[in-house]
Amino acid sequence: MSEQLILEINNLTKHFKAGGKQTVHALDGVSFTLKKGETLGLVGESGCGKTTCARTIIRMYEPTSGQIIMDGTDITELNQKQLKPFRKNMQMIFQDPYASLNARMTVRDIIAEPLLAHGVVKRKQDANEYVYPMLERVGLTREHASRYAHEFSGGQRQRVGIARALILEPNLVVCDEPISALDVSIQAQVINLLKDFQEEKGVSYLFIAHDLSMIRYVSDNVGVMYLGQLAEIGETDEIYKNPLHPYTKGLLGSIPIANPALARQKKKSSIEGDIPSPIKPPAGCRFHTRCPYMKEICCEETPKLKDAGNGHMVACHLCD
Ligand code: SF4
């Protein structure tokens, strides 16, 4: 597998203005890389900043600070016109296949839209030579092309969303909870479709999900996020077999298992309490309000992400 980097994120930060003088610290100093043809999974509870991270990377949100390097080019400060050639290479698959497709457009027009926008074809009718094979590739038929999104099931709609994202053969696809709105029976089909595309085209995925088992299945590397920061990142097997951060241990401890005796043991390592507000994140280690191993330094000093060996990075004073 090529070692070429498709994405390099340095200290990426995104703050939103809230009411009054308040600031939402949605993303604070996140750094990671993604190689060509690989998948990086981002996990964490709701509100941990994973969706903000994804949307900032593809410049749906303007970064507050930090750097986004896409395929060797710094795209952090490009304006919308300068970004256009890069948009062709970075696409997104959204969580909700019901809301993300235009109800007034036919499936043909939805899939053809990126081809027209990026000048791959000049006229709508010329798009069919791309749209029909893509429909078949995602498990639909050319007869589906003239129908509207509301005529499809959730799984079929997500296939249309995937076809739209992949029609331009992008280098990077951000998958924001792409299967969480789908029936369990459909989830595996959609995941396998994405994996097949990756093998064929070498596309890289930034895959966001809260389902830890699914993240393990799809990802080469996993980043664990907590309150806008990376707590831990490394190769998938390493993170799942040898988690070092108490938050990661807690998340993995909360995966339901069928054996009651093992389940009782695991419960002891699950996480208590709620994630604090990103408007006023705790000082020091942001996890200290919920961490069973918290010590004095944790309330005062923010732990830096450090290499614990084999590229396994962790931000915790216990590992200093
Ligand atoms: Fe827990 Fe301290 Fe490590 Fe944070 S730095 S995870 S509070 S032990």
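Two strands are said to pair if DSSP finds at least two bridges between them. In this predicted model, strand β3, residues 39-43, and strand β8, residues 204-208, meet that condition, since they pair in the parallel sense over four bridges. Within this pairing, leucine 42 stands opposite isoleucine 208 of β8.

The pair of β3 and β8 belongs to an open sheet of eight strands with mixed pairing, in which the strands follow the order β6-β7-β8-β3-β9-β10-β12-β11. The edges of this sheet are taken by β6 (90-93) and β11 (306-307), each of which has a single partner strand, so that one side of β6 and one side of β11 are left without a neighbour in the sheet. As a general point, the side chains of a regular strand alternate between the two faces of the sheet.

A further open sheet is built from four strands in the order β2-β1-β4-β5, and its pairing is antiparallel. Here the edge strands are β2 (23-35) and β5 (73-74), each pairing on one side only. Inside the sheet, strand β1, which covers residues 5-17, pairs with β4 in the antiparallel sense over five bridges, and threonine 13 has serine 65 in β4 as its bridge partner. Strand β4, residues 65-70, also pairs with β5 in the antiparallel sense, in this case over two bridges.

At the level of the whole chain, the model is divided into domain 1, which consists of residues 5-89 + 170-319, and domain 2, which consists of residues 96-169. The centres of domain 1 and domain 2, taken over C-alpha atoms, are separated by 29 Å. Contact between the domains involves 19 residues of domain 1 and 16 residues of domain 2. The size of an interface is often given as the accessible area lost when the parts come together. Between domain 1 and domain 2 the buried area is about 1600 Å², and carbon and sulfur atoms give 67% of that area.

Five residue pairs are in polar contact between domain 1 and domain 2, with both residues of each pair at pLDDT 80 or more. On the side of domain 1 that touches domain 2, α2 (80-87) and α6 (184-201) each supply at least two residues, and α6 gives the most, with nine residues. Sorted by class, this side of domain 1 has 10 nonpolar, three polar and six charged residues. Two salt bridges are counted between domain 1 and domain 2. A salt bridge with an N to O distance of 3.1 Å is formed by the side chains of lysine 201 and glutamate 169.

Over the model, the count comes to 12 salt bridges. Among them is the one in which the side chains of lysine 124 and aspartate 109 meet, at 3.4 Å from N to O. Lysine 124 lies in the loop between α3 (107-117) and α4 (128-137), whereas aspartate 109 lies in helix α3, so the pair ties together parts that are 15 residues apart in sequence.

Definitions and conventions. Residues numbered from 1 in each chain as written. Predicted model: local features only at pLDDT ≥ 70, side-chain atom pairs only at ≥ 80, totals over all residues. Heavy atoms only, no water. Domains from an automatic or database assignment. Contact = heavy atoms within 4.5 Å. Buried area = accessible area lost by both parts, 1.4 Å probe. Salt bridge = Lys/Arg side-chain N within 4 Å of Asp/Glu carboxyl O. Polar contact = N/O pair within 3.5 Å; in protein donor to acceptor, adjacent residues only side chain to side chain. Nonpolar A, V, L, I, M, F, W, Y, C, P; charged D, E, K, R; others polar.
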